[in-house]
Amino acid sequence: MADHGAAVLRVCRAILGAQDAEDAWSETFLAALRAYPTLRPDSDVRAWLVTIAHRKAVDGYRARRRAPTPSSEIPDRVEAGGAAPDVADEALARAVRALPFKQRAAVAYRYLADMSYRDVAELLGGSEAAARRSAADGIATLRRSYRQEETP
Amino acid sequence: MMYVDERELLAPLAGAGESAYARLRAGLAERADREGLLDVAYRVVDSPVGQLLLAATPRGLVRVAYASEGHDAVLARLADLVSPRVLRAPARLDVAARELDEYFAGLRRRFDLPLDLGLSRGFRRAVLTHLRDIAYGATESYSVVAAAAGSPAAVRAAGTACATNPLPVVVPCHRVVRSDGSIGRYVGGAAAKRTLLALEAAA
């Protein structure tokens with residue numbers, strides 16, 4: 001499980017603010033430790049952990065709104081709070097957090113957690129093609145907003 | 001603008017965060033321990049024979065591993081054999097670490113901490129149980145060990161039991177030498193065995 005800890009933390013940070021990401025990470029791994037005995041031995045552990053993290057993220061949003069929200073209606077904006085102090089590139093972290101939730105999550109699950117588009121689609125709801133499009137749109141926006149900021 | 005690969009674009013997010021990550025892991029281990037979700041706690045300590053991995057179950061110290069055994073491989077094996085709930089939790093190994101420190105300083109002749117011998121069965125376990133009775137600074141031959149463990153003819157098996165001792169140093173398989181007086185083989189390498197025997201002879 002520890003093999004995936006760093007990857008899951010990157011994912012949490014990409015889709016949440018820094019403090020929420022740490023809470024989500026801890027909750028994810030506690031839940032995973034509780035549930036581990038029920039995991040089938042041939043399961044994709046990282047995808048399983050990201051699934052738990054995704055639910056924790058959704059739960060966190062719901063709790064803050066104090067009203068039930070379907071997972072597909074997570075607010076797009078992440079609360080202020082900045083990136084974790086030791087994230088190398090604050091501008092990139094900011095650009096990622098400025099993406100709409102679905103794009104942000106699709107980019108994180110696909111490129112930080114190396115999940116298949118099929119698994120990403122399952123988490124976000126919708127088709128594989130839609131997941132692919134969300135990730136592509138997110139990356140395109142990041143290329144525009146972030147790389148332009150860097151290259152004169 | 002130049003084309004950049006997606007992962008290259010996101011690379012700044014992929015690194016970093018070591019200190020926060022270490023803090024999170026420590027916090028997780030503490031909470032998991034409180035909730036009884038921590039089946040194998042481990043830490044790594046420095047010693048005159050290199051870095052030693054120490055791992056404990058709630059029953060006691062279950063594994064001591066030399067760096068040459070590959071600590072990651074040892075942890076993966078513990079995850080398979082004992083439980084996948086393996087976390088770095090230094091506090092759970094404070095007593096073991098302190099006793100090892102004292103031993104390497106020549107101040108301790110006997111380890112009195114709970115051991116979990118669950119990784120060994122049958123004759124191997126009988127051998128380990130006997131090894132704990134070989135006095136500090138003394139040595140025994142493999143044939144004497146085989147006899148003491150109940151099978152005088154099983155000299156080779158006694159050697160295998162020593163070679164696969166899951167708790168080297170603490171269960172003193174280094175005190176078993178060949179009957180011709182030569183030092184014999186050792187899980188941590190012959191040099192480590194010489195170091196331990198010299199330490200015990202000097203103290």
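Mentor: Before we start, two strands pair if DSSP finds at least two bridges between them. Strands (E, at least two residues) and helices (H or I, at least four) are DSSP runs, numbered from the N terminus. This is a predicted model, in which local features need pLDDT of at least 70 and side-chain atom pairs count only at pLDDT 80 or more, while totals for chains, interfaces and linings use all residues. Residues are numbered from 1 along each chain as its sequence is written, and chains are lettered from A and ligands numbered from 1 in the order in which they are written.

Trainee: In what order do the four strands of the open sheet in chain B lie?

Mentor: The order is 3-2-1-4, with mixed pairing. Strand 3 (60–66) and strand 4 (86–88) of chain B are at the edges with a single partner strand each, so one side of each has no neighbour in the sheet.

Trainee: In which sense do strand 2 and strand 3 of chain B pair?

Mentor: Strand 2 (residues 52–57) of chain B pairs with strand 3 in the antiparallel sense, over six bridges. There, B:Leu54 stands opposite B:Val64.

Trainee: Changing topic, is B:Pro172 buried or exposed?

Mentor: B:Pro172 is buried (20 or more other C-beta atoms within 10 Å, placed from the backbone), with 26 such atoms. B:Pro172 sits in the loop between helix 7 (155–163) and strand 6 (176–177) of chain B.

Trainee: And how many helices are in chain A?

Mentor: Chain A has seven helices and zero strands. Of its 152 residues, 43% are buried.

Terms used:
A residue is buried if 20 or more other C-beta atoms lie within 10 Å of its own, exposed if 12 or fewer, and partly exposed in between; C-beta atoms are placed from the backbone.
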